[in-house]
Structures are given as structure tokens and as C-alpha cells.
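Please take a moment to look over the sequence and the structure below, and keep both in view while you read the paragraphs that follow.

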Amino acid sequence: EFNVAIFSMLAANVAARYHEFKNGSRAGTGDNDTTYKLGLEFRPIETLLIRGNYGTAFRAPEMSYIFAEPSLSFSNVTDQWQCRRDNGNVVVNPNNCAPTLQSVQIRGSTSGTPNLGSVTADSWGVGFVWSPTDKFNLRADYLNLKVDDKVASRSYGSILTREADCRLGATIGGTPTDINSGECQNILSLIQRYPATDLLNPNGLIQVTTYPLNIAKETVENVNVSATYRLDGGRWGDFVFNGNYFLMLDHTTQTFPEDPATDWLAYKDYGVEFRNIGNVSASWEKDDWTVSV
């Protein structure tokens with residue numbers, strides 16, 4: 001890490017780090033990355049500091065995502081492929097499916113992914129600090145953060161939906177899909193069905209397998225403003241006033257590439273995140289005594 005004075009009003013902070021992890025005895029598995037950060041501080045006048053930074057980040061996946069042994073469970077699902085095939089490739093309402101396709105019990109299989117990669121991110125921000133006197137300062141900062149390769153496991157329902165897209169040649173919205181593509185072949189390999197010639201349950205579902213993938217994304221964008229003012233009350237002590245305001249501009253996630261991004265500031269199913277968070281405080285300080293509201 002280096003801090004370099006470029007000239008009297010401008011300084012730079014440069015840092016770099018190399019990371020590497022190996023997954024124990026599983027030879028050939030693990031990951032490595034080099035992250036770095038560049039910051040600039042510009043002070044045009046003594047009382048004003050303008051700053052900006054750009055950086056990258058790296059995080060090893062949790063061990064449970066890597067080392068989990070295969071486990072089986074039983075779930076009830078809708079057979080998306082056969083239901084959409086029989087109903088013109090429209091949005092599946094289980095009540096419109098044949099009774100044998102509405103709620104099919106399957107074996108669900110999950111396990112860890114030995115060659116799981118790292119979660120990566122990059123961020124940048126700008127801000128300023130203004131201190132016209134030693135009793136008052138104002139700070140404001142903007143942050144933009146993007147996280148890639150987050151770990152997520154496909155749900156059984158999403159796997160079956162994508163299988164239907166691949167087998168029928170198009171999504172419900174009409175986007176063409178190629179059953180011979182790498183993605184479709186991977187999806188089909190996760191699903192076990194009875195053969196079409198089976199006398200009791202032709203093409204019936206047997207098992208669906210899922211496992212963690214470096215596939216999800218997240219974006220965060222916010223602004224934070226804070227101010228502090230100290231009033232000297234002489235023998236009556238000091239009075240300190242603080243205020244802070246946080247504004248979330250954007251918070252979106254995308255679990256799978258084919259999914260639309262979820263806007264968590266407008267998502268209704270599980271409540272809405274706070275877009276605005278603010279607080280103010282007033283304190284009286286005298287000797288070893290402090291009272292705050």
C-alpha cells in the first residue's frame with residue numbers, strides 16, 4: 001500500500017493484494033485473484049477535501065457450498081414441460097394441467113461444488129468533506145457497488161421451467177432456445193425422467209439435481225450525508241449536534257441470467273427496504289457527564 005503526494009493539493013493512495021485459496025485435499029480446486037484500490041484526495045483549499053476511489057474485491061465461497069456431500073429429499077413440483085406442451089406453451093397454471101402433472105413427487109438431490117470460484121466485486125465512489133471551522137464539518141459520499149459471481153443454487157422449479165424452454169424451443173415470452181446449446185444440455189443433465197416407452201409413466205419425472213453456481217449478481221447505489229456542529233458553552237459545557245441522512249438509490253439482484261432483475265426497493269412480496277434512513281442527535285457534554293437525545 002502506498003500513499004503518494006502528487007503535488008501540494010493532490011495525493012493518491014494505491015493498494016494491491018493477492019489472494020489464493022485451495023480446497024483442502026481436492027487437488028486442482030480453488031481460486032486466486034489480485035484485487036486493488038486507487039484513491040485520490042484533492043484539497044483545493046484548506047477547509048475542503050474532495051475524494052474519489054475505485055476498487056475491486058474478492059471473497060472465497062463458504063465451505064458448505066464446496067464440501068457438502070450429496071443429500072436427497074422429496075418435493076412436489078409441477079411438470080412444466082409436459083404441461084406447457086399440452087397447453088400451447090403458455091404460463092403454467094397447475095389447475096390447467098393434467099392431474100398427473102399438477103403435483104408430482106420427485107427426489108431432489110443437492111450437493112456441493114468442488115470447483116466453485118470466488119465472488120468478485122468492483123466499486124467506485126466520490127465525496128467531499130468541508131470543515132470551515134474546527135466546530136463544524138459536513139460530509140457527503142456516493143457509492144456504486146457491483147457484485148458478480150455470487151453463489152446461488154437453482155430451485156427445482158426454475159430448473160424445470162428452463163427444461164421446458166429448451167425442449168419446446170422457446171420461452172413463454174417467445175424467445176427462441178436451442179436444445180443443443182451448452183446451457184440446455186446442462187439443464188437436461190440435471191433432470192432424470194422415465195423413458196417415453198415406459199408403460200406406467202412415460203416421460204415422468206424421477207429426480208432433479210441442483211448445486212451451487214457462481215451465477216448471481218447484485219448492484220447497490222447510495223448516497224450518505226452527515227454533519228456535526230459543536231457549540232462551546234463555556235462553564236456550562238459543550239453542546240454537540242449531529243445529523244445523518246442515507247438515501248438508497250438502487251438495490252437490485254439477479255439470480256439467473258434468464259431472470260429479470262429484482263428491484264428490492266419496490267419488491268412487495270416480503271416488504272420494502274427503507275430507501276431513506278435519517279437520524280439526528282443533540283448531546284450535552286460537561287466534564288465526565290454526557291446526555292444525548
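Which residue in S15 is the bridge partner of Trp 284? The partner is Val 291. Before going further, note that this is a predicted model, in which local features need pLDDT of at least 70 and side-chain atom pairs count only at pLDDT 80 or more, while totals for chains, interfaces and linings use all residues. Residues are numbered from 1 along each chain as its sequence is written, and side-chain values use heavy atoms, with hydrogens and water left out.

Strand S14 (residues 276-286) and strand S15 (residues 289-292) run antiparallel and are joined by four bridges; two strands are said to pair if DSSP finds at least two bridges between them. Here helices (H or I, at least four residues) and strands (E, at least two) are DSSP runs, numbered from the N terminus. S14 and S15 form a hairpin with two residues between them, and Asp 287 is found in the loop between these two strands. Asp 287 has a positive phi of about 55 degrees although it is not a glycine. Most residues other than glycine have a negative phi. Asp 287 is also exposed, with a relative accessible area of 72%; buried means under 20% relative accessible area, exposed over 50%, and partly exposed in between (1.4 Å probe, protein chains only).

A positive phi is also found at Asp 149, where the value is near 60 degrees. Asp 149 belongs to strand S8 (residues 136-153), and at 32% relative accessibility it counts as partly exposed.

Another partly exposed residue is Tyr 36, with a relative accessible area of 41%, which lies in strand S3 (residues 30-45). Leaving aside neighbours within four places in sequence, Tyr 36 is in contact (heavy atoms within 4.5 Å) with Ala 15, Ala 16, Tyr 54, Gly 55 and Thr 56. Tyr 36 and Tyr 54 are 18 residues apart along the chain, and their C-alpha atoms are separated by 8.4 Å.

Now turn to helix H4 (residues 156-168), whose 13 residues reach 18 Å from the first C-alpha to the last, close to the 18 Å expected at 1.5 Å a residue; the expected span is 1.5 Å times one less than the number of residues. Among the buried residues of H4 are Tyr 156, Ile 159, Leu 160 and Cys 166, and the buried residues of this helix pack against several elements, including helix H2 (80-86), helix H5 (182-189) and strand S10 (205-210). Arg 162, which has its place in helix H4, counts as buried at 11% relative accessibility. Not counting residues up to four places away in sequence, Arg 162 touches Thr 171, Thr 177, Glu 183, Ile 187 and Glu 258. Just after H4, Gly 169 takes a positive phi of about 85 degrees.

Finally, how many cavities of 30 Å³ or more are there? The count comes to one. A cavity is a set of points, on a 1 Å grid over the protein atoms alone, where a 1.4 Å probe fits but cannot get out, and lining residues have an atom within 4 Å of a point. The largest cavity holds about 40 Å³ of space, a volume being the space filled by probe spheres set on the points. Its lining consists of Arg 154, Ile 159, Asn 186, Leu 190, Thr 210, Tyr 211 and Leu 213.

Key:
1 Å grid on protein atoms, 1.4 Å probe; cavity = no way out; pocket = protein on both sides within 12 Å on 5 of 7 lines; lining within 4 Å.
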